[in-house]
Amino acid sequence: MGDCDNPGPRKRKRLLAKFSGVALIGFGVSALVLHLGLEAGLRPWSARLIALVCAMNTTFVINGRFVFCALSRQRFLAQWAAYVANSAFGNLCNYWVFVGLEASHRPVIGNPYIALFAGSMVAWAINFTGARFLVFGGLARRLLGRCAGLFSRRPRSDARGPAEPVSFRR
């Protein structure tokens, strides 16, 4: 288990702060790549898509290695796929909250900047929770451990005895 598993209250606050810092780094990467794409003549939607992919991969590596201390070579692709799926869900919820609030045309919550903030907070909460528990946490290790036998080359048990247990430690 990594150093980041089951942190106490003080460590949880630090974990939240580090995750938030990485989110700001991701925002910076996204803004930079978006700017470069627009300057290169790309259409805004394609520049934004490239920027999103760059930011998502950047935050995946930093969160996995330095925030959650759980990135491993053995599970890299599975962790990456789970992180992308979790982030996509968080971003979809972000957009849904933004559009719903903005479309309400109510005095405060209908303001596009308030709606943007609310949607961003929803995405942040979803992305943090998913990254902590589903992508890099103990639940992910248990699920991947159970599925590891499905993809092994030799059967789980043969004449030589049971197969070796799978270890996900670094």
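I started with Leu77, and Leu77 is exposed, at a relative accessible area of 65% (buried means under 20%, exposed over 50%, partly exposed in between, with a 1.4 Å probe and protein chains only). I found Leu77 in helix 3; helices here are DSSP runs of H or I with at least four residues, numbered from the N terminus.

A note on my source: this is a predicted model, where local features need pLDDT of at least 70, side-chain atom pairs count only at pLDDT 80 or more, and totals for chains, interfaces and linings use all residues. Residues are numbered from 1 along each chain as its sequence is written, and side-chain values use heavy atoms, leaving out hydrogens and water.

Next, which residues make the nonpolar surface patch? I listed Val61, Phe76, Leu77 and Trp80, covering about 380 Å². Helix 3 (residues 76-104) gives the largest share of this patch, 3 residues. Patch members have over 30% relative accessible area and no salt bridge; nonpolar side chains (Val, Leu, Ile, Met, Phe, Trp, Tyr) are joined within 5 Å, like charges within 9 Å. A salt bridge puts a side-chain nitrogen of Lys or Arg within 4 Å of a carboxyl oxygen of Asp or Glu.

Then I turned to charge: Arg10, Lys11, Lys13, Arg14 and Lys18 gather in a positive patch on the surface. Lys11 lies in helix 1 (residues 9-39) and is partly exposed at 45%.

Last, I looked up cysteines. Cys54 is partly exposed at 31% relative accessibility, whereas Cys69 is buried at 15%. My search of the whole structure found 0 disulfides (pairs of cysteine sulfur atoms within 2.5 Å).

Methods: Accessible areas come from the Shrake-Rupley method with a 1.4 Å probe; for residues, only the protein chains shown count as cover. Lys and Arg count as positive and Asp and Glu as negative; His and the chain ends are not counted. The place of a charge is taken as NZ of Lys, CZ of Arg, CG of Asp or CD of Glu. Helices (H or I, at least four residues) and strands (E, at least two) are DSSP runs, numbered from the N terminus.
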